[in-house]
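Here is a short report on one protein chain. Look over the sequence and the model first, then read on.

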Amino acid sequence: MTLPRGLYDQLVTDTLARRLDQLADSETVLDSLSAADATPLLADLIAQSLSRVLEDAQGDPSTHAAQQLAIVNALLVDLRARL
């Protein structure tokens with residue numbers, strides 16, 4: 001896979017890091033994520049991931065929204081407990 005030259009504003013996940021390692025181009029440059037930029041980027045990553053998980057949740061269609069809400073509530077409770 002060849003990416004055009006340019007700046008890319010992405011979090012380097014494990015999967016992306018492996019793909020970058022496979023590139024033959026030695027010009028790949030990664031910068032550290034600043035604390036100021038981390039919060040919105042990480043929040044967007046969580047939102048995208050959670051959206052996929054909720055879409056994939058299976059169960060009774062009549063209670064699907066309630067199941068999704070229960071998942072979100074459980075995640076928020078766990079997050080608050082960790083913080």
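Start with Arg82. Its relative accessible area is 66%, so Arg82 counts as exposed. The cut-off for that label is over 50%. Asp78 has a relative accessible area of 37%, so Asp78 is partly exposed.

The side chains of these two residues, Asp78 and Arg82, meet in a salt bridge, with 2.8 Å from N to O. Side chains of opposite charge can pair when their charged atoms come close. Both Asp78 and Arg82 sit in helix H3. They are four residues apart, about one turn of the helix. How many salt bridges does a search of the whole structure find? The search finds one.

## Fold and confidence

This model is predicted. The protein chain holds three helices and zero strands. Along the sequence, the pattern reads α-α-α.

The average pLDDT of the protein chain is 83, and 86% of the residues score at least 70. Which helix has the highest confidence? Helix H3, residues 64–82, has the highest mean, at 93. H1 has the lowest, at a mean of 83. Where pLDDT is low, the predicted coordinates should not be read in detail.

## Surface and burial

The protein chain has 83 residues, and buried residues make up 6% of them. The accessible surface of the chain comes to about 7300 Å². Carbon and sulfur atoms account for 57% of that surface.

## A nonpolar patch

Three leucines form a nonpolar patch on the surface: Leu33, Leu42 and Leu45. Together they have about 230 Å² of accessible area.

Where does Leu33 lie? Leu33 is in the loop between helix H1 (14–22) and helix H2 (35–56). Its relative accessibility is 41%, so Leu33 counts as partly exposed.

Now turn to a pocket.

H2 and H3 each supply at least two residues of the lining.

Definitions and conventions: Residues numbered from 1 in each chain as written. Predicted model: local features only at pLDDT ≥ 70, side-chain atom pairs only at ≥ 80, totals over all residues. Heavy atoms only, no water. Patch = residues over 30% accessible without salt bridge, like charges linked within 9 Å, V, L, I, M, F, W, Y side chains within 5 Å. Areas by Shrake-Rupley, 256 points an atom, 1.4 Å probe, with all protein chains shown as cover. Salt bridge = Lys/Arg side-chain N within 4 Å of Asp/Glu carboxyl O. Buried < 20%, exposed > 50% of the residue type's maximum accessible area, 1.4 Å probe, protein only. pLDDT = per-residue confidence, 0-100.
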